[in-house]
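Okay, hi everyone, thanks for letting me go next. Let me put my chain up on the screen, and then we'll walk through it together.

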Amino acid sequence: PAVSQLVNYNGKLFLVKRTFKVSELKSDFDTNVMKEWTRTDTLLRKDGLLYCCELIPEAEIIEQ
């Protein structure tokens, strides 16, 4: 299996599920449809790429 890419953004960790070249997307694409289609909850854009990401929740101590 391929190693997943992680992105740290605003102090939160995201798992990158898909990337697309922004130049290949319609300029007015529906972000909600993109998130549903890629089963992700966050879209990040950097260096001409769109990253379809899923937030990795912070670990919680359930019981000590």
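So, going along the sequence, the pattern reads β-β-α-β-β. That is one helix and four strands, where helices (H or I, at least four residues) and strands (E, at least two) are DSSP runs numbered from the N terminus. The radius of gyration is 14 Å, well over the 11 Å that the globule rule gives for 64 residues, so the chain is more spread out than a compact globule. For that number, the radius is taken over C-alpha atoms, and the globule rule is 2.2 Å times the number of residues to the power 0.38. The C-alpha trace spans about 50 × 25 × 25 Å along its principal axes.

Some housekeeping. This is a predicted model: local features need pLDDT of at least 70, side-chain atom pairs count only at pLDDT 80 or more, and totals for chains, interfaces and linings use all residues. Residues are numbered from 1 along each chain as its sequence is written, and side-chain values use heavy atoms, with hydrogens and water left out.

Now the sheet. In what order do the four strands sit? They go E1-E2-E4-E3, in an open sheet with antiparallel pairing; two strands pair if DSSP finds at least two bridges between them. Strand E1 (5-9) and E3 are the edge strands, each pairing on one side only. From one strand to the next, the twist averages 45°. Angles here run from 0 to 180 degrees between N-to-C directions, and axes are lines fitted to C-alpha atoms, for helices over the stretch in contact.

Let's go pair by pair. E1 and E2 run antiparallel and are joined by five bridges, with Leu6 standing opposite Leu15 in E2. Their hairpin has two residues between the strands, and Asn10 there takes a positive phi near 55°. E2 and E4 are antiparallel too, over seven bridges. There, Thr19 has Tyr51 in E4 as its bridge partner, and Lys21 stands opposite Leu49 in E4.

And the helix? H1 lies across E2, E3 and E4, running at about 100° to E2.

Next, the inside. Which residues make up the largest nonpolar core? There are six: Val7, Phe14, Val16, Leu44, Tyr51 and Cys53. Strand E2 (12-21) and strand E4 (49-55) are the elements that give two or more residues to it. A nonpolar core means buried Ala, Val, Leu, Ile, Met, Phe, Trp, Tyr and Cys residues joined through side-chain atoms within 4.5 Å. Buried is under 20% relative accessible area, exposed is over 50%, and partly exposed is in between, with a 1.4 Å probe and protein chains only. By that cut-off, 20% of the 64 residues count as buried. Leaving out residues up to four places away in sequence, Val7 touches Lys12, Leu13, Phe14, Val16 and Leu44; contact means heavy atoms within 4.5 Å.

Is Thr40 buried or exposed? Thr40 counts as buried, because its relative accessibility is 10%. Thr40 lies in the loop between helix H1 (31-38) and strand E3 (42-46). Its side chain makes a polar contact of 2.7 Å with that of Thr38. Lys46, in strand E3, counts as exposed because its relative accessibility is 53%. A polar contact, by the way, is a pair of N or O atoms within 3.5 Å; within protein, one must be able to donate a hydrogen and the other to accept it, and residues adjacent in sequence count only if both atoms are side-chain atoms.
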